[in-house]
Amino acid sequence: MWSLQINRRYIKQFDWYMLSLLLAITIIGVMTIYSATRPVITTVQPNYYLKQAVWMLIGLAALIATVIYDYSWLRKSAYFLYATGIVMLLLVLLIGRRGLGAQRWLELGPVSFQPSELFRILLIIGISKYLSAIKGHLTKWPFIISLSLFGLLPFVLILKQPHLGTGLVLLTTFFFLIIAKKVEKKIMAALIIFTLVVPPVAGNLIWRHLKDYQKNRIIAFIKPKADPKGIGYQIEQSKITIGSGQALGRGFLKGTQGPLRFLPEKHTDFIYCIFAEEWGFVGSSIIVALYLFLFLRGISTALKSKDEFGRYLALGLTFMLFLYFVINMGMVLGMLPVVGVPIPFMSYGGTTLITNYIAIGILINIRMRRLAICY
Amino acid sequence: MSKEYFDRYLSVTVFVVMLMMLILAMRIYQLQILHGRHYREAANSNKIRVIALPAARGIIYDRNNVPLVKNEPYYYASFMSETTNTIDTAGLSALLDIDRMRLIAKLKKAQSERFKSIVLKEGLSFKDVARIEARLSDFPGLMIEPNLTRHYVFDSVGSHVIGYIGRLTARQMLSSDYDNITPETLVGQWAAEAFFEKKLRGSTGERIIEIDALGRELNLIGQTEPQMGNDITLSIDIGLQETAEKAFHGKNGALVVVDTRNGEVLALVSVPTFDPNDFVLGIETEKWNALNKDKNNPLINRALQSTYPPGSIFKPVVAAAALQEGIITEGSSTVCRGSLEFGEYSFGCWKSHAAVDFHRAIVESCDVFFYEAGKKLGIERIEKYARLFGLGKTTGVGLRHGIDEKDGSLPSTRWKQKKKWFLGETLSASIGQGYVSVTPIQAAQMTAIIANEGIVMPLTLIKGGNSGKKFDRLDIRPETFNAIKSAMYGVVNEAGGTASAAKSGIAHISGKTGTAQVIAGRTKTEEQKERYRDHAWFIAYAPSEKPEIAVAVILEHGGHGGSAAAPIAKEVIEAYLKGRDGK
């Protein structure tokens, strides 16, 4: 099973379509990072775009490595991988490096990375294994076990860092996947009631535990004008940046909002704005379409997977990427509060990019081996 | 199996995904198409200015921590706006006292730069600043911005070492070394200012502000602080430098003082000097022309860029070669009858020395002795030893950028490739004439090597620049150096020595005189016209017993080294010794 399972047939089945979408979006991202970080007074171009390009190449290598072995090894070692992920999260809390008010990085010699990023994939692998091992729908005890093991435990650990955005994405992905498995009617009913009742009650409790910057983001979202220099200013400028692109945009490297730092996180979370400013509605729609094709491809991979594990895995990974995309877009378009969530493949950031490439690698892997091969 | 359920679930998912994408697309449509114009206007009315915060250059200190330069603020008027059409150009040109057509051209350029300012007038006096400040509101977009300039505290003293800064040249603008700076930044253009540019230059900060229609600051959007450059401490002693420059009494020449214990250059003189302060904000055309046309070439660093025949100061090198190679011994002697007949040519000596031994041949600078030694040595071995003493190649002391240190020249049969090498040329070379030429700094390094009995130290202009380095030692016997040093002591301190004018009451000085022929022939120099007169050389080290400094002096058209150059060296050495004991 561990022997190299690449034969011509697999290469023929390789999902070039998915890879092309991925590369197109990433390269657009690198270009936009270049534009966003242009200097104004001095002439030195920060090397963010180069770093991102290097990470893209590393991601590509990781993607190919992910594709080589049949993904069934992921199923076999799913719990081990998941346990490793949990240990990494604990390590971050204990010995992690603090940066930007949060403790998210682990240092491994010269490289530092954010375990919560890689953990996203390990979690989905874990849930997929658990769900695919259960016959029929999810009953009470398996639900409770999976909820505490795959839902609440990682959520609490990530919230501690604190990394609210990722925490919420993962919890939502968890619920999305268990519903895909089909849960007992009673549990479903409980879930619905819970969703309707808890937020108002828990909201108050959560509010008190939120960090100041998180509170500010919510206040700013509700009343953007109240805080023109802070987060509200950021949301307002984000909308101005996108809107000023109009139909055709200002043109590549002609945008003014990014280099002038109206947007504090112009090359990370708000990279889409810079693109929209320069390429206008035409470009913005094309980007949205590229993402849509990518997500649909992911869902179709889930549909065609040869086994149940592959189905949950493909669906989970696609849904996670989709959530990141939607939350980021909702945020930059002024439809959601500012949660620090990057847009997949475009935002500047090494760990996130490489992790997302691995996720796409798994999707390609599942699709490539969708037809059971008999020897 | 729940495959059907799962497939149905996927259908719902696809529906939800597409619905969400549609909502996003609609929102984008709303922002970019429906409200696009509004947001475009909002973006354009983001009145943003980016103001450069000039970074201070590092200070250049002398070895005693005396600052040689000061950073001083100056102001310039600049312009930034998208509404230049409405500007009263007549009024503005009167206010700034600049030509109206030039002003209009500059304003046009300002239109293409949305956030950066365009410099209209530089070097404003405080009076100008006050006058313009009062009328800023009449000319929206007009600003007064600060920048930093350099003041060279000692004016022309040491100008050939310290150098000057100035505006970016066209070549520098294209070079990646000057990437991270604003066009207004003044950068090192010459000597130390240019050579240590990377260290001295800070990094410009920027301040991004939102302004109102009158250009008043509303909001600070972002700021990066400027970073000051690093200071450097030169090995130069500015007091000694000044003494040395004055010792030339207005005559042209060069002088280099090297600390023989560490290779640090204590003074590097090239006279005449110039005032680097004239260069900083752009030199006036008349001054520039005057400097360039000046026959005395003040813009040449003679210590590094001028080569002269070494004359008799070359004799210690030939002596080292001859002693080391066993051509002569300390006991060798010859009879000088005022000339050496060689074939149909006669090679003259400056006087008839009668019987001279090695010691007297150096003390009294007998040419005939060295003709004979040189004849036996051959040009190849002379060249080899000259190279060991650092001649024929740059010292690498630095100060590139506008100052190309010269190699000097050492003849060899190889060097004079095509033509036949005449033995007579070897004879000329053995007394430092003919094709041999050296720079004053090479002469100083050579002297230091003799004083150090063969230890070769790279020269440095930075205090402590050689600390921790290991130095090579020439493979020459100590007895050889003893003989040469004893003779050089005699040159100054014994009866009949050619440099008795350098004899000092404070400490013993050892040295060697030299005369660099400007034209061939041996007319008595005092009768010659000034510009045909020979250059006077003197190399020296002191104290003789335990050398601390080595000095090389050349006085252009000074005549004999002993009478003209030796007193300058003496004055500098005494100033050094007094300064040392004074502290």
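Tutor: We begin with a definition: buried area is the accessible area that two parts lose on being put together, summed over both. Please keep in mind that this is a predicted model.

Student: What is the area buried between chain B and chain A, and what share do carbon and sulfur atoms give?

Tutor: The area buried between chain B and chain A is about 4700 Å². Carbon and sulfur atoms give 69% of that area. On the side of chain B, Met21(B), Gln32(B) and Arg40(B) supply 14% of what the chain buries against chain A, more than any other three residues.

Student: What makes a residue part of the contact, and how many residues does each chain bring?

Tutor: The criterion is heavy atoms within 4.5 Å. By that criterion, 53 residues of chain A and 48 residues of chain B take part.

Student: How many salt bridges and how many polar contacts link the two chains?

Tutor: A salt bridge requires a side-chain nitrogen of Lys or Arg within 4 Å of a carboxyl oxygen of Asp or Glu. Between chain B and chain A the count is zero.

Student: Which elements of chain B supply at least two residues each to the side that touches chain A?

Tutor: They are α1 (3–34), α2 (36–44), β1 (48–53), β8 (205–211) and β9 (217–224). The most comes from α1(B), with 21 residues. By class, this side of chain B has 29 nonpolar, 10 polar and nine charged residues.

Student: Which domains does chain B have, and how far apart are their centres?

Tutor: The domain assignment gives domain 1 (48–233) and domain 2 (238–290 + 301–582). Their centres, taken over C-alpha atoms, are separated by 46 Å. The contact between them takes 33 residues from domain 1 of chain B and 27 residues from domain 2 of chain B.

Student: What area is buried between these two domains of chain B?

Tutor: About 2700 Å² is buried between domain 1 and domain 2 of chain B, and carbon and sulfur atoms give 66% of it. In domain 1 of chain B, Arg63(B), His160(B) and Phe195(B) lose the most area to domain 2, together 27% of what that side buries.

Student: Why is the pair Glu264(B) and Arg63(B) called a salt bridge?

Tutor: The closest N and O atoms of Glu264(B) and Arg63(B) are 2.9 Å apart. The cut-off is 4 Å between a side-chain nitrogen of Lys or Arg and a carboxyl oxygen of Asp or Glu, so the pair qualifies. Across the interface of domain 1 and domain 2 of chain B, the rule finds one salt bridge. It also finds 11 residue pairs in polar contact there, both residues being at pLDDT 80 or more.

Student: Why is helix α15 of chain B described as largely enclosed by the rest of the structure?

Tutor: Buried means under 20% relative accessible area. Eight of the 11 residues of α15 (residues 367–377) of chain B are buried, and therefore the helix is largely enclosed by the rest of the structure. Among them are Phe369(B), Phe370(B) and Leu377(B). After α15(B) comes Gly378(B), with a positive phi near 85°.

Student: What share of chain A counts as buried?

Tutor: Of its 375 residues, 57% count as buried. Chain A has 14 helices and three strands.

Technical notes. Residues are numbered from 1 along each chain as its sequence is written. Chains are lettered from A and ligands numbered from 1 in the order in which they are written. This is a predicted model: local features need pLDDT of at least 70, side-chain atom pairs count only at pLDDT 80 or more; totals for chains, interfaces and linings use all residues. Side-chain values use heavy atoms; hydrogens and water are left out. Buried area is the accessible area (1.4 Å probe) that two parts lose on being put together, summed over both. Helices (H or I, at least four residues) and strands (E, at least two) are DSSP runs, numbered from the N terminus. Ala, Val, Leu, Ile, Met, Phe, Trp, Tyr, Cys and Pro count as nonpolar, Asp, Glu, Lys and Arg as charged, and the others, Gly among them, as polar. Domain bounds come from an automatic or database domain assignment. A polar contact is a pair of N or O atoms within 3.5 Å; within protein, one must be able to donate a hydrogen and the other to accept it, and residues adjacent in sequence count only if both atoms are side-chain atoms. Buried means under 20% relative accessible area, exposed over 50%, partly exposed in between (1.4 Å probe, protein chains only).
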